[in-house]
Amino acid sequence: MEAVDPTIFRLAIFVLAVFVGYYVVWSVTPALHTPLMAVTNAISSVIIVGALLAATAGVGGPDAAADGGAGFSRIAGTLAIILASVNIFGGFLVTQRMLAMYKKKDK
Amino acid sequence: MSANLAAILYLASGILFILALRGLSSPETARQGNLFGMAGMAIAVVTTLLAVNLDGASMALIIGGVVIGGGLGAVVARRIPMTAMPQLVAAFHSLVGMAAVLVAAAALYAPEAFGIANAVGDLKQLSLFELALGTAIGAITFSGSVIAFAKLNGNMSGAPILLPARHSINIGIGVAIAVMIAFLMASGGDNKTAFWIITILAFVLGVTLIIPIGGADMPVVVSMLNSYSGWAAAALGFTLENTALLVTGALVGSSGAILSYIMCKGMNRSFISVILGGFGEDGSAAANAGPQGTAKQGSAEDAAFVMKNAGKVIIVPGYGMAVAQAQHALKEMGDLLKAEGVDVSYAIHPVAGRMPGHMNVLLAEANVPYDEVFELEDINSDFSNADVAFVIGANDVTNPAAEDDPSSPIYGMPVLQVWKARTVFFVKRSLGSGYAGVENPLFFRDNTMMLLGDAKKMTEEINKSMG
């Protein structure tokens, strides 16, 4: 039998993660649905890892400055870093602010 | 750093994100969950920074980007009023979408930076497919969220905008995107024009998909765009071969999808009918021209007197409370009633407000303890032994026509049975219909008393009369 394409492994991780997400999200209390949206916003900005790769395109490589593709990639990457950072800081902090407001009956 | 170690660290950050969502199962564990999320993000970012080549210039760009973006995000997070949360979330979604487009473009132009180029420096067919999908979903998320933001923020009317032949337009754009993806793949990634056409078409599609959807359906739209932003991240996770992105994309994608489902169920509408749009515009208004019968009007003093002498009061907040910023006055009213020995609780309909959980956050902001706040299915049976149902800024979610009038557009929607309480107080600006354009027969019942006026002013007057 030939070797399994690594993409299949990633697909497996992805499908399993969808299931994990399904069960985890159903257990979220409806009272916290707004913080859920805010925090999912923040974590989906992990796309910043792609932005970091893009922003460092060509660094240390032989074609550091000559390659137009790398230059474009760096600009796009830097813009994406800015956007994702807004979301990461904004998302986690606003979630924290919201969660701090949820209090039990005074004991 | 070795590629294997990096992969394991990305996995760890994916697990921390799962724990972040898991924490939200209860307000007690939620704060800790949020810290897990932050830790996951920090691990992912540091791992990436250790794995890439850095020089002074790129370091400066990265730090500059994080400082500018992060500073902006932090300021917004601190200042935003809680009533504006739906707009804020929509705006955040748009940023994720745009970031996805930018990263996909960078991966196309400089595949070697992502370690995904083949021997001759080209992209694999599969990678091209994934990044084309990533940019398409990202672009739809971006422009769709911008429209949703404009509608929620009031820059744009909440009324549905119906283009002629809008379904054909959307299908046409969808097909064109698919064809362009095929062109891009066939060219081995050299056909950059195809990539940009995909992106532009998807921007247009985002607009045409969201403009026909009315204001009352915004909770579904916001959840759906949340889901899209997740799928865009997941598609790029495949392209970049990154576990953290894959896991996060899957989590966020399914989270948004589940929220959309819960919202649709809360309105007894199918997801498809919401997406096709046009609700709150067609027919319903014509069917019920003019109010039927006369509504009893009451004053703040009447309401204060009745509630003070009640044994049990259930408060039903809706979007009108958010608009009037009445949550603090409402909490004060609850405290005054409790001081009189009245049992006070709050009932929240799943689609009250403009996003999932909107009312809960506002009540929490006003320091209402979360164990006094109940969901529809937990409190609906309590209305029959309540003396007063105090409806403030909600309308359609209390409409008995949803249960007993098969001709009503909202027939079948689960509603809060406020009419079972001995007396119903309705704080409302006018006797007009709700967002769905549906007349509420409750206004004209014998045990209903309308308190016409601004929700906040009315509540404050009640508080004054009680004191």
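Predicted model: local features only at pLDDT ≥ 70, side-chain atom pairs only at ≥ 80, totals over all residues.
1. Extent of the contact. Chain A puts 77 residues into the contact and chain B puts in 106 residues. About 8,200 Å² is buried between the two chains, and carbon and sulfur atoms give 78% of that area.

2. Polar terms. Between chain A and chain B there are 16 residue pairs in polar contact, counting pairs with both residues at pLDDT 80 or more. The count of salt bridges between the chains is 2. One of them joins Lys104(A) to Glu28(B), with 3.9 Å between the closest N and O atoms. That distance falls within the 4 Å cut-off used for a salt bridge.

3. Chain A side of the contact. Four elements of chain A give two or more residues each to the side that touches chain B: helix 1 (6–26), helix 2 (33–44), helix 3 (48–55) and helix 4 (68–101). Helix 4 of chain A gives the most, with 28 residues. Sorted by class, this side of chain A has 50 nonpolar, 21 polar and 6 charged residues.

4. Surface patch. Helix 1 of chain A gives the most to the patch, with 8 residues.

5. Tyr261(B) sits in helix 9 of chain B, which spans residues 243–266.

Definitions and conventions
Residues numbered from 1 in each chain as written. Chains lettered and ligands numbered in written order. Heavy atoms only, no water. Contact = heavy atoms within 4.5 Å. Buried area = accessible area lost by both parts, 1.4 Å probe. Salt bridge = Lys/Arg side-chain N within 4 Å of Asp/Glu carboxyl O. Polar contact = N/O pair within 3.5 Å; in protein donor to acceptor, adjacent residues only side chain to side chain. Nonpolar A, V, L, I, M, F, W, Y, C, P; charged D, E, K, R; others polar.
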